[in-house]
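Subject: Structure handover

Dear colleague,

Please find the structure below. My notes on pockets, strands and aromatic rings follow it.

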Amino acid sequence: PDILIGAYGSGDTGRVFVFFGPFSGSLDTDSADVVYTATVGTQVGFSVAGGCDLDGDGNQDDFLIGDPAAVEIDQTTGALWVVTGPISTGTYNLDDFATKLVGVPGSAAGSALSCSGDLNNDGVDDILVGAPQYEGRGAAFVVYTPTSSRRLEGSIILMGEAPSDLTGSRVAITPDLNNDGFDDL
C-alpha cells in the first residue's frame with residue numbers, strides 16, 4: 001500500500017505528498033515520491049481520500065484532494081481534484097492535469113471527502129463532498145462518477161437542517177449497511 005498525506009499549511013499553496021510502499025522507519029516529506037500543489041493562496045490537501053476506482057478501470061488507484069478555500073472567478077467556492085492512477089514520481093500542479101470540481105460560492109466544498117464506495121451500483125466508485133458552509137447550514141454533495149461536470153451544482157445535495165449545523169464537516173461512504181445491494185453514506 002501507498003500513503004497519501006495532505007498538508008494544507010505547507011508552503012504558499014498547501015501540498016499533498018504520496019509515498020510508495022513498502023515502509024519502514026520514519027518518513028520525511030522531502031523524500032516523498034510524488035508532490036501535488038495548485039494555485040497560490042489555496043489550502044490544497046485540507047482533505048484527501050484514496051483507494052478508489054473513479055474511472056472504471058478496475059484499479060483502486062484513484063484519489064481526491066480537497067481545498068475548501070479554492071477561489072473561482074474571484075469567489076471562494078472550495079474545490080476538489082480527481083486524480084486517476086497510475087501515477088508517476090515527480091512534482092505536479094493539479095491544475096495542469098487533474099479534473100477539478102468547483103464548489104458553490106461560500107460553501108467550503110472539499111472540507112471533507114470520501115470515494116470508497118459505489119452509491120448507484122454501476123460498478124464505479126462515487127464521490128461524497130463535504131461543504132459545511134453551504135447556505136449557512138452545510139451540506140454533502142453526492143457525485144456519481146465518472147462525471148463530465150466541472151461543478152458540484154446539479155449534484156444530489158444532502159443539506160443540514162438548521163443554521164450553523166456544519167453538515168458535511170465529515171463524510172464517509174460505507175459498505176452496504178441495509179443489505180439492499182447499494183453502498184451507503
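The lining of the second largest pocket divides by class into seven nonpolar, four polar and one charged residues. Please keep in mind that the model is predicted. The space in this second largest pocket comes to about 170 Å³. Its lining is made up of Leu 54, Asp 55, Val 82, Val 83, Thr 84, Phe 97, Ala 98, Thr 99, Ile 127, Thr 145, Pro 146 and Thr 147.

The largest pocket has a volume of about 240 Å³. It is lined by 14 residues, and those closest to its centre are Asp 2, Val 18, Asp 61, Phe 63 and Ile 87. By class, its lining holds seven nonpolar, four polar and three charged residues. Strands β1, β4 (47-52) and β5 (62-67) each contribute at least two residues to the lining of the largest pocket.

Next, the sheet. Four strands form an open sheet in the order β1-β2-β3-β9, and the pairing is mixed. At the edges are β1 (3-7) and β9 (90-93), each of which pairs on one side only. On average, neighbouring strands of this sheet are turned by 15° against each other, with direction ignored. Within the sheet, β2 (residues 15-19) and β3 (residues 34-37) are antiparallel and are joined over three bridges. Val 18 stands opposite Val 34 in β3, and Val 18 is also among the residues closest to the centre of the largest pocket.

Last, the aromatic rings. With ring centres within 6.5 Å as the criterion for a pair, the count is six aromatic pairs. One of them is Tyr 92 with Phe 97: the ring centres are 5.8 Å apart and the planes stand at 65°, so this pair is edge-to-face. The cut-off for that class is an angle over 60 degrees. Tyr 92 has a relative accessibility of 29% and therefore counts as partly exposed. Phe 97 is partly exposed as well, with a relative accessible area of 42%.

Tyr 92 and Phe 97 belong to one aromatic cluster together with Tyr 36 and Phe 63.

Best regards

How values were computed
Residues numbered from 1 in each chain as written. Predicted model: local features only at pLDDT ≥ 70, side-chain atom pairs only at ≥ 80, totals over all residues. Heavy atoms only, no water. Phe/Tyr/Trp six-rings, centres within 6.5 Å; stacked < 30°, edge-to-face > 60°. Buried < 20%, exposed > 50% of the residue type's maximum accessible area, 1.4 Å probe, protein only. Pairing = 2+ DSSP bridges. Axes fitted to C-alpha atoms, helices over the stretch in contact; angles between N-to-C directions. 1 Å grid on protein atoms, 1.4 Å probe; cavity = no way out; pocket = protein on both sides within 12 Å on 5 of 7 lines; lining within 4 Å. Points joined across faces, edges and corners; volume = space filled by probe spheres on them. Nonpolar A, V, L, I, M, F, W, Y, C, P; charged D, E, K, R; others polar.
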